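I set out to record what could be looked up in this two-chain model. The entries follow the order in which I worked.

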Amino acid sequence: MTNPSSQSILFATSEVSLDNRPKRDRTPVSSGVIGMLIFMVTEAMFFAALISAYLVIRAGLEEWPPWGQPRLPVETTALNTLVLLFSGLTMGFSRNLLQKQKFQEGRRLLGLSLLLGTFFLVVQGYEWMQLLNFGMTVSSSVYGGLFYLIIGAHGFHVVGVLAVLIHAWNRLGASNNSITAEGLLPLQLLWYFVVCVWPVLYVLVYLT
Amino acid sequence: MKRTLILNTYFKNNLKMHLQHFLLFTFLLGLLFAPEIANACAVCFSSSEETLEAFYFTTIFLTLLPVVMLFTIGYWLYSKHRKT
C-alpha cells in the first residue's frame, strides 16, 4: 500500500467537492441589492432621528408654528408630492420594461422619472426662495431651523440619487451599454426610498 | 494584637487611596443634594405632558424601527432563498 502525497489528496478532495457542489445559476439577491438595503436601513434611521427631534422640540413649545413665522405652502407641495409619487410609479414601469429587455422604452420612462424628480426639486427650490423672502431662515426660529434641516436633508438625497440615475440613464443610451435591469435595481430602490419618505415628511412638517 | 498591627500597617500603606475614594464618594453624594448642577441636560427644556408623550413615542419608534426593518429584510431574503 502506497502513501498518497499531500498534493494528490488535495486534488482528490477538490474534485469531490466540485462534483458535490450544488449548481445554481445565480444568487437569489445580488450583493448590490443587499448593500443598498443595508444603506437604506441607515438612511431610514437618519430620517427617524430627525423626525424624533422634530416631534420632541415641537411638543415642548406652546405655539406651533411660532408667532410671526410664515405659513408653509401646503397646496403647492401637495401637488409636488403627487409629482414625486408619479415619478416612483414611472420608475417601476421602467424597471418592468428593462426586465423584458426593452431598453429603449425602459430608458424613456427612466428619463421621465428623472424629469419629474428634477421638477420636484425646482418647485422645492422656488418654495424655499419664497420662504426666505418672507424672512424664514435657518436662524430665524427653531421652526425654520427644523424645516430647512429636514426638508433640506431630503432634497439633498433627491439630488444625490438623481445625479447617479442620470449617469445610469446616459450609460443605458450608449452603444456599449453594460447596465442590466438587475444592475440598476439598487439605484431604483434608493429612488423608491426617497419617494416613500417624502409623504411622511410632508404630513409631519406641512400638515400637522 | 498581631492582627491589629497588620490592619494598621495596611491602612497606613493605603491611606492615600482610601482618602481619594472617600473624597470621590463625598463629591458624588454631594451631587445628589445639588441637582441644579445637572441642569445642562440638552433635552430638559420642557416638563409638559406633551413633551413627555413625545419622548415616550420617539423612544418606542426609534427602538422598534430598526428591529422591524431588519426583520423584514431578513424574512424577505429567507423567502427568496427558499424559492430558489
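**Entry 1: Chain A overall**

I began with the surface of chain A, which exposes about 11,700 Å², with carbon and sulfur atoms supplying 66% of that area; accessible areas come from the Shrake-Rupley method with a 1.4 Å probe, and for residues only the protein chains shown count as cover.

I noted that this is a predicted model, in which local features need pLDDT of at least 70 and side-chain atom pairs count only at pLDDT 80 or more, while totals for chains, interfaces and linings use all residues. Residues are numbered from 1 along each chain as its sequence is written, chains are lettered from A and ligands numbered from 1 in the order in which they are written, and side-chain values use heavy atoms, with hydrogens and water left out.

I then looked up the secondary structure and found six helices and zero strands in chain A; helices (H or I, at least four residues) and strands (E, at least two) are DSSP runs, numbered from the N terminus. Read along the sequence, the pattern is α-α-α-α-α-α.

Of the 208 residues in chain A, 43% are buried; buried means under 20% relative accessible area, exposed over 50%, and partly exposed in between (1.4 Å probe, protein chains only). I also checked contacts (heavy atoms within 4.5 Å). Among those in chain A between residues at least 6 apart in sequence, 79% join residues at least 24 apart.

**Entry 2: Backbone details in chain A**

I looked up the peptide bond between A:Trp64 and A:Pro65 and recorded it as cis, with omega about -5 degrees. A:Pro65 lies in the loop between α2 (31-59) and α3 (74-99).

In the loop between α3 and α4 I found A:Gln101. Its phi is near 65 degrees, a positive value in a residue other than glycine. A:Gln101 is exposed, with a relative accessible area of 57%. For reference, most residues other than glycine have a negative phi, and most peptide bonds are trans.

**Entry 3: A:Gly106**

Is A:Gly106 buried or exposed? I found a relative accessible area of 0%, so A:Gly106 counts as buried. A:Gly106 lies in helix α4 (residues 103-133). Not counting residues up to four places away in sequence, A:Gly106 touches A:Ser94, A:Leu97 and A:Leu98. I also looked up its separation from A:Val29, 77 residues apart along the chain, and the C-alpha atoms are separated by 22 Å.

**Entry 4: Chain B overall**

Chain B has three helices and zero strands, and its elements run α-α-α from the N terminus on. Buried residues make up 7% of its 84 residues. Chain B exposes about 7,700 Å², of which carbon and sulfur atoms supply 72%.

**Entry 5: The interface**

How many residues of chain A are in contact with chain B? I recorded 18 residues of chain A in contact with 21 residues of chain B.

The area buried between the two chains is about 1,600 Å², and carbon and sulfur atoms give 85% of it; buried area is the accessible area (1.4 Å probe) that two parts lose on being put together, summed over both. A:Pro28, A:Met45 and A:Val56 supply 30% of the area that chain A buries against chain B, more than any other three residues.

The side of chain A that touches chain B divides into 15 nonpolar residues, two polar and one charged; Ala, Val, Leu, Ile, Met, Phe, Trp, Tyr, Cys and Pro count as nonpolar, Asp, Glu, Lys and Arg as charged, and the others, Gly among them, as polar.

Finally, I looked for salt bridges across the interface and the rule finds zero; a salt bridge is a side-chain nitrogen of Lys or Arg within 4 Å of a carboxyl oxygen of Asp or Glu.
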